[in-house]
Structure formats: structure tokens, C-alpha cells
Amino acid sequence: MPFDLEAVRAQFPALAITDDGQRRIYFDNPAGTQVPASVAAAVSDCLLTSSANLGGNFPTSQRADDIVASARSAMADFLNAPSHDEIVFGQNMTTITLHLSRSIGRLFQPGDEIILSRMDHDANVWPWVLLARDLELEVKWLEFDAATFEFDLATLDELITDRTRLICVGGASNLTGTLNDVTTICEKARAAGALSYIDAVQSVPHVETDVQAIGCDFLVCSPYKFFGPHQGVLWGRREVLEQLEPYKVRPAYSSIPWCFETGTQSHEGLAGITAAIDYFAWIGQSMGGKQARPEALRAAMALMFEYEKALASHLISGLQATGGVVVQGITAPDALDRRVPTVSFTHSTLAPDAIAESLVEENIYVWSGHNYAVEVARTLGVLETGGVVRVGPVHYNSIAEIDEFLEALGRIVAV
Ligand SMILES: Cc1ncc(COP(=O)(O)O)c(C=O)c1O
């Protein structure tokens with residue numbers, strides 16, 4: 001069965017909300033997606049029936065234990081992690097990264113080198129720059145080509161030395177939408193004896209993620225970007241996690257993954273994470289013909305990626321046909337496998353904020369600015385000029401919505 005957009009949209013109550021009879025078009029998804037009713041129900045059920053702390057011998061506490069265990073298993077399936085106890089939960093990706101970077105830094109000596117990328121969101125840049133300042137590490141930068149919007153990985157070889165200890169890079173750019181070859185990057189890190197830390201926040205909602213195939217040491221993502229609640233998740237390779245000294249209080253568990261989770265977690269958020277993963281599995285089961293959750297998840301991601309590629313193609317060609325618009329990302333029709341459908345653009349005369357504000361008047365939601373991709377905006381030369389307009393469809397958006405957006409944009413730029 002092909003991808004069934006109507007069945008998908010029916011899962012998301014927010015897609016049916018109107019304002020004074022006018023539909024809403026959500027293209028702000030890279031900053032946070034809408035959630036299926038099943039996710040909200042799981043969050044609510046947790047709060048209403050299982051509100052207790054962990055480890056007690058009474059039913060609400062036992063249910064809370066089950067909720068945490070189920071969320072770890074769900075995330076392990078989603079990321080193809082070898083074990084559920086390599087899954088660490090936290091408030092969001094930024095908090096997890098700031099926290100774990102302290103423990104990771106304990107492995108390094110002054111003068112060691114770390115490689116950061118100019119294509120990353122600041123959450124995978126600045127925690128490491130701060131660490132480097134504290135520990136007197138040297139930071140080296142993996143640049144991307146502002147014309148192709150991609151890395152030339154030969155330049156990574158030039159940056160790696162026998163002092164390289166860590167390479168941090170994103171799965172997909174939250175500004176240009178470029179999908180990076182993280183498998184090759186992690187291979188190069190391993191060959192150099194360095195650790196790899198992958199920010200998969202923007203790739204996980206769009207492509208299958210297999211931490212074993214990627215060969216990374218750490219991978220982080222944010223469930224609120226993939227139809228779940230506001231949470232962060234880290235997968236860490238067991239051998240590396242076990243080497244790290246956790247920053248924790250004395251009574252907290254010393255074993256992984258608990259030792260990296262500070263205080264009491266949002267159990268309701270974890271219940272919502274399981275429901276979000278099960279939502280993907282539902283797509284794979286009902287439209288991909290697979291039953292077991294791991295296979296259903298893979299089928300779902302493949303179906304969604306193909307569908308989203310059609311959305312990206314339509315959006316990009318429409319933008320290219322709009323006067324004064326420059327797409328800040330990969331546009332070649334035969335290169336759409338190397339990007340997610342997040343498409344950013346600038347205009348020759350109109351400021352990104354002004355365009356985004358005009359779109360709100362038509363009930364079309366997009367983001368403008370640098371979107372925390374500070375180094376990306378600087379490399380593209382748009383940091384001082386208001387950044388970009390970012391249009392981020394996902395699998396619940398339609399070609400018709402893209403057409404409505406393009407028509408609205410046409411009217412805005414014609415004024
Ligand atoms: C690529 C990328 N990394 C990290 C983050 C930060 O995520 P969080 O809000 O979970 O800290 C974002 C948020 O937009 C992002 O797009």
C-alpha cells in the first residue's frame with residue numbers, strides 16, 4: 001500500500017484546527033512538529049494513572065518503571081541501538097550535550113584537538129567550544145562549500161592529526177537541509193582513534209537512523225522534532241559510556257544509563273516518546289506491510305522519505321520560479337537524496353522576517369533568521385542580513401499546501 005496522506009493527517013488533531021474558518025499550514029516543523037492524538041493520550045494517561053517516582057512496590061510506581069523501560073526499548077528500536085540501556089533521556093538535546101560534554105572532556109588532555117563543523121546548529125558547536133576553553137583544547141573547523149552546501153570530506157582528512165580526540169557533526173543541517181555522510185565521517189574518526197558525536201536532531205524525523213551502521217559513539221535527537229513531546233535523547237556506545245565519569249549526585253545510580261540522567265525524568269514525556277515511535281510503526285504496519293516494530297519503523301521511514309522527496313522537489317522548483325528568490329541549499333533534482341525537505345531561501349529585496357510575517361497573515365507558519373545555525377548563516381553570508389526564511393514540510397504536509405504557500409509568496413514578493 002502506498003503512503004496514505006489522508007490516514008496520516010487524521011492522526012493529528014492540530015491539522016484540523018482553523019482560525020476564523022481559515023486552515024493552518026504548518027511549515028515550522030524543523031523547530032517542532034505537531035503530535036498525533038495517540039502521543040497526547042499517552043502523556044495524559046501517564047499523568048492520570050501512573051504519577052509516582054520510580055522503584056516503589058506499589059502500582060503507580062511500577063507503572064512508572066514500565067513507562068521508562070518501554071521508552072528505552074522504543075528508542076533502541078528506532079535507532080537500532082544494540083541495547084536499551086545505552087539510551088539516555090534528558091530535557092532536550094542542548095541540555096544533554098552540555099551535560100555529557102563535561103564527562104567526555106574528562107578523557108582529554110590540554111593540547112588535544114576536537115573538530116567541529118560550520119554546518120551545525122549551535123547546540124553541537126558551542127558546548128564543545130566552551131569545553132575547549134575550559135580544558136585548553138584546540139578547535140579545528142570542518143568547513144562546507146557555500147556553493148554546493150556540502151562538505152568535501154577530503155578536507156576532513158587534512159584536519160585529522162594524532163591529537164584528534166573528537167569529531168562533532170550533524171546528520172542534517174537545520175538551515176540548508178543537507179544530509180551529511182555521517183557514516184564516512186565516523187569511519188574517519190574511528191581510524192584516527194577519535195570519538196564521534198552526531199547531532200541527528202534534523203535527520204531522525206526524515207531518514208532511517210541506525211547507530212550501528214553509522215558507527216558513531218554518540219547520537220543525539222529531540223522527540224519534539226519527530227512528533228513526540230519536548231524531550232531529548234542520547235544514544236551512547238556502551239564501552240564509551242562505561243568509560244565516562246558521570247556528573248551526578250551521590251545517591252543516584254552509578255550504572256548506565258541512569259548515571260547520566262540528572263534527577264527525576266519527565267515520565268509523561270517518556271510515555272509520549274513510546275507513542276511517537278509506535279506512531280511511526282503504525283505507518284510501517286498499515287502502509288508498509290511489516291509487523292514487528294523494528295521492520296515497521298524502517299518501512300515507515302522509507303515511505304516517508306520518498307513522499308517527502310516529492311514535497312521537496314515541488315517546493316524547490318516553485319521557489320526557483322519565484323522572482324528574486326535564492327534557495328540556500330541543494331536544488332539539483334538528482335541530488336534530493338542528499339537533503340531533507342527543510343528548504344531555506346533569501347530574497348533579493350525583502351527581509352526574511354518581513355516575508356515570514358506576511359505569511360502569518362495567510363495562516364502559513366515558517367521561521368526566519370539564523371535558526372541557531374550561526375556558523376551556517378555566517379558561511380552563507382546571511383548572518384548580518386536577517387538569515388533566511390525556512391520552510392520545513394514533513395510527511396503530514398501536502399503538495400496542495402505547498403502550492404498555497406507558493407501562491408502566497410508570489411503575492412508577497414509582487415508588492
Ligand atoms: C540540528 C539541531 N540540533 C540541535 C537542536 C537543539 O535541540 P533541543 O531544542 O532539543 O536542544 C536543534 C533545534 O532546533 C537542531 O535543529
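What follows goes from domains to sheet to ligand.

This is a predicted model, in which local features need pLDDT of at least 70 and side-chain atom pairs count only at pLDDT 80 or more, while totals for chains, interfaces and linings use all residues. Residues are numbered from 1 along each chain as its sequence is written.

The chain splits into domain 1 (5-34 + 293-414) and domain 2 (41-277), with bounds from an automatic or database domain assignment. Their C-alpha centres sit 26 Å apart. Domain 1 puts 33 residues into the contact and domain 2 puts in 30 residues, contact meaning C-beta atoms, placed from the backbone, within 7 Å. On the domain 1 side, helix 11 (293-320) gives the most, with eight residues. Helices (H or I, at least four residues) and strands (E, at least two) are DSSP runs numbered from the N terminus.

Seven strands form an open sheet with mixed pairing, in the order 4-10-9-8-7-5-6; two strands pair if DSSP finds at least two bridges between them. Strand 4 (87-90) and strand 6 (138-142) are at the edges with a single partner strand each, so one side of each has no neighbour in the sheet. Strand 9 (residues 218-221) and strand 10 (residues 232-236) run antiparallel over four bridges, and F218 has G236 as its bridge partner in strand 10.

And the ligand? Among the 14 residues around it, N92, T94, H121, N174 and S222 come nearest, where near means a C-beta atom, placed from the backbone, within 6 Å.

Key. Two residues are in contact if their C-beta atoms, placed from the backbone, lie within 7 Å.
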